[in-house]
Amino acid sequence: MTAQLNPRGDVAVLVPAAGAGVRLGPGGPKALRLLGGEPLLVHVVRRIAAAPSVHTVVVAAPATEVDAVRQLLTPVAPVLVVAGGAERQASVANALAAVPSGPDIVLVHDAARALTPPALVEAVAAAVRAGHDAVIPVLPVSDTIKQVDAAGVVLATVDRSALRAVQTPQGFRREVLAAAHAAAGDPLTDDAGLVEQQGVPVFCVPGSEYALKVTRPFDLTLAEHLLAAGH
Ligand SMILES: Nc1ccn([C@@H]2O[C@H](COP(=O)(O)OP(=O)(O)OP(=O)(O)O)[C@@H](O)[C@H]2O)c(=O)n1
Ligand SMILES: C[C@](O)(CO)[C@H](O)COP(=O)(O)O
């Protein structure tokens, strides 16, 4: 079977899915943990595949689960599956190396953000298409933010008006992301950080509450409720 979704699409989506899920607690790799009876990875691939611009999806799976993930996703959508690495950044690099020629836009999207609406995939891709080399979805910070020392004593209250919580999918012109990964040093927590190190401006678009990252058990409970409510 071809791994193409829409041959006329101009977007490849990389899905880092090789994390252990330590903060979620015991139960195996996080991307394979169940939400509404299906793995998080199935939910996320289904939503990505529903975005009309998507040409190709490359999943970076836990190294021991590559064949199992391929079988799991075969009935969901045509995807390429590669082995992930020890850090998220290495997983993204492995997936990027597997993107076929064609798509000029590459999005990187966490498997852990299982309920992300297809419309956010399209919005990020559209902002890259409109001329931004790097695009991230963000939400305003809604709590007061304090800087504290190692003993837990407050040092300062941070002005939150210029702060944003960053989500995925993060979108890039393909050459920009490839150059940033080629030049990468110590692992960073997101791909926009690598691009920032290259001096490339990163443009923000509105994120989505539904793109929450399943990180801790509470997030999984919240995601179960959102899924049951039809999201
Ligand atoms: N070596 C890694 C580490 C993380 N990820 C992926 O990167 C995304 C964001 O990472 P996070 O939510 O922090 O997942 P984990 O690393 O699994 O979480 P934890 O730190 O709790 O183990 C996830 O989809 C995760 O599967 C990956 O592909 N390869
Ligand atoms: C990429 C990311 O989802 C942006 O918020 C996030 O940084 C990845 O999670 P991690 O826990 O920092 O690895």
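## What counts as a pocket

A pocket here is an open set of grid points, found on a 1 Å grid over the protein atoms alone, with protein on both sides within 12 Å along at least five of seven lines. Keep that in mind as you look around this model, which is a predicted one.

## The second largest pocket

What kinds of residues make up the lining of the second largest pocket? Six are nonpolar, four are polar and six are charged.

## The largest pocket

Now for the largest pocket, with a volume of about 640 Å³. Its lining takes in 27 residues, and Gly19, Arg23, Lys30, Arg88 and Lys213 lie nearest the centre. Sorted by class, that lining has 10 nonpolar, nine polar and eight charged residues.

## Around ligand 1

Ligand 1 has 18 residues around it, with Pro16, Val22, Arg23, Lys30 and Ser91 the closest. Split by class, this shell contains eight nonpolar, four polar and six charged residues.

The side chain of Ser91 has an N or O atom 2.7 Å from a nitrogen atom of ligand 1, while the side chain of Lys30 places one 2.8 Å from an oxygen atom of the ligand. On its own, ligand 1 has 570 Å² of accessible area, and the protein covers 86% of it.

## Around ligand 2

The residues surrounding ligand 2 are Arg23, Arg88, Asp110, Arg113, Val166, Thr168, Thr189, Asp190 and Lys213. By class, that shell comes out as one nonpolar, two polar and six charged residues.

Which part of Asp110 lies 2.5 Å from an oxygen atom of ligand 2? That would be a polar atom of its side chain. Val166 and Thr189 use their backbones instead: a polar backbone atom of Val166 is 2.6 Å from an oxygen atom of ligand 2, and one of Thr189 is 3.2 Å from an oxygen atom of the ligand. Taken alone, ligand 2 exposes 350 Å², of which the protein buries 76%.

Notes:
Residues are numbered from 1 along each chain as its sequence is written. Chains are lettered from A and ligands numbered from 1 in the order in which they are written. This is a predicted model: local features need pLDDT of at least 70, side-chain atom pairs count only at pLDDT 80 or more; totals for chains, interfaces and linings use all residues. Side-chain values use heavy atoms; hydrogens and water are left out. A residue is near a molecule or strand if one of its heavy atoms lies within 4 Å of it. A polar contact is a pair of N or O atoms within 3.5 Å; within protein, one must be able to donate a hydrogen and the other to accept it, and residues adjacent in sequence count only if both atoms are side-chain atoms. Accessible areas come from the Shrake-Rupley method with a 1.4 Å probe; for residues, only the protein chains shown count as cover. Ala, Val, Leu, Ile, Met, Phe, Trp, Tyr, Cys and Pro count as nonpolar, Asp, Glu, Lys and Arg as charged, and the others, Gly among them, as polar. On a 1 Å grid over the protein atoms alone, a cavity is a set of points where a 1.4 Å probe fits but cannot get out, and a pocket is an open set with protein on both sides within 12 Å along at least five of seven lines; lining residues have an atom within 4 Å of a point. Grid points are joined across faces, edges and corners, and a volume is the space filled by probe spheres set on the points.
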